[in-house]
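Hi,

Here is the structure I promised to pass on.

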Amino acid sequence: MVDFCHIVPTPHLDLVEGRSSHLILAHLVEEDDTYANWYGSNKGNSRYILDNSAFEMYKAGREMYPSDQLIEMGVAVNADFIVMSDYPGCHSSETIRAAEDLAPKFREAGFGTFFVPQSEIGDFEDYISAFAWAASSPLVDYIGVSILGVPNAYGVEKDNKMQRFLSRWKMMDELDRRGILALASANGKLIHFLGMVDGPNEIELTSNYHIDTWDSSAGCWAGMHDIEFDNSPTGLVDGKFEKEVDFDLECMDNTLVEKAKRNMRYIDTLCEEIYL
């Protein structure tokens, strides 16, 4: 089954205690001592992936998190893998060049490497090339399939929820037909889905393809805003709840916290039932 990493605001980290995999945001490790200390002291046997916060920075129009600080943040939480710097909306060569520079440094520091293919907006073949590079490169341990990278490659990231919801399924189908997923598997690459687009049923949609881990704040964040997953085709009739996650939010309404828990269980049940 796919190992799901739920992302929650810092005051509600108890909701993810004891899970076997976590995606940890580098900018929060730096800025939030409570967040950093919780992850630093609760690892156990869990797999820790330190994300470079590219999605959060891109959406906020901020500079990408400094590459040279990622190792420091990885050490702080005892991460297993670090997501190498990636550049949404830019030609794949920028992300590949960063990986060629960072991978040896991450490996030397004891971390596995995590590569996120990116391309210029609308450049589908450039994205395919980036994924193929990762599938064959000895510099890459993990490949991340991004909710920015894939929709950007198709040119459907903005104002097109139906196309965006289908985009990663279609990309996985394309990668499969070209033999690139098989190449990645033969070379021992792990696959991670970064984030969730317009509903949890994307898990079901992509169930024909091997995905090791997946992360999202969708279950918790929607629930805490009185949105519960539903029986629509995507599982969210109005699509993705777009409000930026406030990681300082402490939800004091138990009814909303219970909705968040139900959403998280919905996702976990899909992962358990489909990816057997």
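Strands here are DSSP runs of E, at least two residues long, numbered from the N terminus. By that rule, Leu23 sits in strand β2, which covers residues 21–25. Bear in mind that this is a predicted model.

Let me stay with Leu23 for a moment. Its relative accessible area is 3%, and buried means under 20%, so Leu23 counts as buried. What does Leu23 touch, once neighbours within four places in sequence are left aside? The list is Cys5, Ile7, Tyr35, Tyr39, Ile49, Asp51, His192, Leu194 and Asp215. Tyr48 is worth a look too: 25 residues separate Leu23 and Tyr48 in sequence, yet their C-alpha atoms are 6.1 Å apart.

Tyr39 turns up again in the largest nonpolar core, which has 81 residues. Tyr39, Leu50 and Phe131 are the ones with the most contacts inside that core. Nonpolar side chains do tend to be buried together in soluble globular proteins. Leu50, not counting residues up to four places away in sequence, is in contact with Ile24, Leu25, Ala26, Val29, Leu70, Met73, Gly74, Val77, Ala79, Phe81, Ile82 and Val83.

Ser92 belongs to helix α5, residues 92–108. Is Ser92 buried or exposed? With a relative accessible area of 5%, Ser92 is buried. Its side chain makes a polar contact of 2.5 Å with the side chain of Asp126. Beyond four places in sequence, Ser92 touches Gln118, Ser119 and Ala130 as well as Asp126.

Cheers

Methods: Residues numbered from 1 in each chain as written. Predicted model: local features only at pLDDT ≥ 70, side-chain atom pairs only at ≥ 80, totals over all residues. Heavy atoms only, no water. Helix = DSSP H or I, 4+ residues; strand = E, 2+ residues; numbered from the N terminus. Buried < 20%, exposed > 50% of the residue type's maximum accessible area, 1.4 Å probe, protein only. Polar contact = N/O pair within 3.5 Å; in protein donor to acceptor, adjacent residues only side chain to side chain. Contact = heavy atoms within 4.5 Å. Core = buried A, V, L, I, M, F, W, Y, C linked by side-chain atoms within 4.5 Å.
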